Amino acid sequence: MSDIRVGIVGLGRLGKTHAINLAENVPGAKLVAACSYVEEELEYAKRELGVTETYISYEEMVESPNLDAVCIVSPSGYHPEQIRLAMEKGLHVFSEKPIGLDIEDIKRTMEVIHAHPDQVFQLGFMRRYDESYQYAKKMVDEGTLGELTVIRCYGIDPSSGMEGFVKFARSSNSGGLFSDMSIHDIDLVRWFSKKEVSRVWAMGKNAAYPELDDLNELETGAAMMQLDDKTMAILVAGRNAAHGYHVETELIGTKGMLRVAAAPEKNLVTIFDENGVVRPTSQNFPERFKDAFVNEMREFISCIKEKRQPEVGAIDGLQSTRVAIACQQSVEANQIVEVEY
Ligand code: NAI
């Protein structure tokens with residue numbers, strides 16, 4: 001079968017990683033087109049990645065007769081409309097998380113996705129394609145931990161990413177801390193437990209970066225959640241981890257517990273010097289989830305070739321966004337919020 005020809009929209013903090021993977025690390029994929037508002041990014045794609053078509057307008061890119069699929073890595077508020085446009089043009093779609101920021105908009109998008117069952121749709125919950133998370137998932141599914149009682153998740157961006165984040169949040173609505181960051185943890189909670197979240201109580205604080213108040217963003221947030229079988233989940237999300245990119249998950253069950261990345265270790269090196277015994281840490285998402293980003297894109301291309309749908313789809317986007325929105329409402333109302341289904 002000939003290569004799947006992909007056009008990418010967005011070549012920013014994450015888009016560049018997906019573009020490199022599609023051009024170099026995903027057998028059977030060919031990155032032929034790129035769309036961005038930033039001229040230097042398009043020049044880079046032509047020069048370094050061999051892209052032959054560049055666009056400032058996404059609407060024009062999806063008109064190209066040379067595409068089989070699109071990879072959407074634009075700011076979150078654009079995802080639903082860009083998904084719909086591509087689906088209606090007969091293209092397969094990989095979209096970054098979150099699937100959207102507004103429930104009605106997401107529902108409209110799901111209708112379009114469902115109207116094109118022969119086209120693949122995959123959502124970018126890449127943690128499901130990380131080796132450690134897959135190992136943990138297998139243990140949970142095999143019953144090694146017994147029945148789950150508590151799931152604890154940390155997702156904290158590095159302090160060094162603050163400047164980039166402020167730029168991102170100024171140029172476009174991120175959806176807030178829970179839709180932007182905790183969405184991955186909410187997906188993990190649903191994935192591991194196979195349950196939906198019933199109610200949430202969330203709060204937040206801007207201590208180190210009070211200027212985030214002006215952007216209506218939180219530096220650190222926490223949420224307590226109850227699932228529909230009374231399993232508990234605790235989320236901590238933030239943008240200010242001094243030591244690096246801290247993504248940690250703990251699962252507590254009736255027969256045992258496990259932790260994924262209790263410390264965000266970069267590799268197997270331990271340094272013994274005047275600072276004591278030091279373990280280097282992962283500094284950002286492209287580093288920590290390098291293989292997961294490749295694996296998810298390989299899965300997308302395999303699904304197209306094998307005419308099947310991936311495990312992670314639009315419904316996971318809808319349900320996780322419902323929970324993230326409930327967390328945001330809980331912060332604003334300072335009360336427990338029932339998740340609306
Ligand atoms: P960014 O702000 O660094 O880059 C945005 C890119 O989109 C730029 O290339 C810009 O030119 C382009 N763009 C903006 N509006 C556009 C439009 N209307 N049409 C065409 N191009 C447009 O953003 P970043 O951080 O790369 O985030 C992009 C998406 O990826 C977001 O939805 C974010 O939630 C998601 N993301 C996911 C991560 C993960 O862990 N899976 C990590 C980081 C981001």
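Author: Lys307 is placed in the loop that runs between α10 (290–306) and α11 (314–333), where helices are DSSP runs of H or I with at least four residues and strands are runs of E with at least two, numbered from the N terminus. Although Lys307 is not a glycine, its phi is positive, at about 50 degrees. The model is a predicted one, in which local features need pLDDT of at least 70 and side-chain atom pairs count only at pLDDT 80 or more, while totals for chains, interfaces and linings use all residues. Residues are numbered from 1 along each chain as its sequence is written, and side-chain values use heavy atoms, with hydrogens and water left out.

Another backbone feature is the cis peptide bond that joins Lys97 and Pro98, with an omega of about -15 degrees; Pro98 belongs to the loop between β5 (92–95) and α5 (103–114). Lys97 leads on to the ligand, since an N or O atom of its side chain is 3.0 Å from a ligand oxygen atom, which falls among polar contacts (pairs of N or O atoms within 3.5 Å). Tyr37 brings a polar side-chain atom to 2.8 Å from a nitrogen atom of the ligand, whereas Leu14 uses a backbone N or O atom, which lies 2.9 Å from a ligand oxygen atom. On its own the ligand exposes 850 Å², and the protein buries 91% of this area, as computed by the Shrake-Rupley method with a 1.4 Å probe.

The shell around the ligand holds 29 residues, and the closest are Leu11, Arg13, Ser36, Tyr37 and Glu41; a residue counts when one of its heavy atoms lies within 4 Å. By class, 14 of the shell residues are nonpolar, ten are polar and five are charged. Because domain 1 (4–124) and domain 2 (128–291 + 320–338) both give residues to this shell, the ligand lies between them; the domain bounds come from an automatic or database assignment.

How values were computed:
Polar contact = N/O pair within 3.5 Å; in protein donor to acceptor, adjacent residues only side chain to side chain. Nonpolar A, V, L, I, M, F, W, Y, C, P; charged D, E, K, R; others polar.
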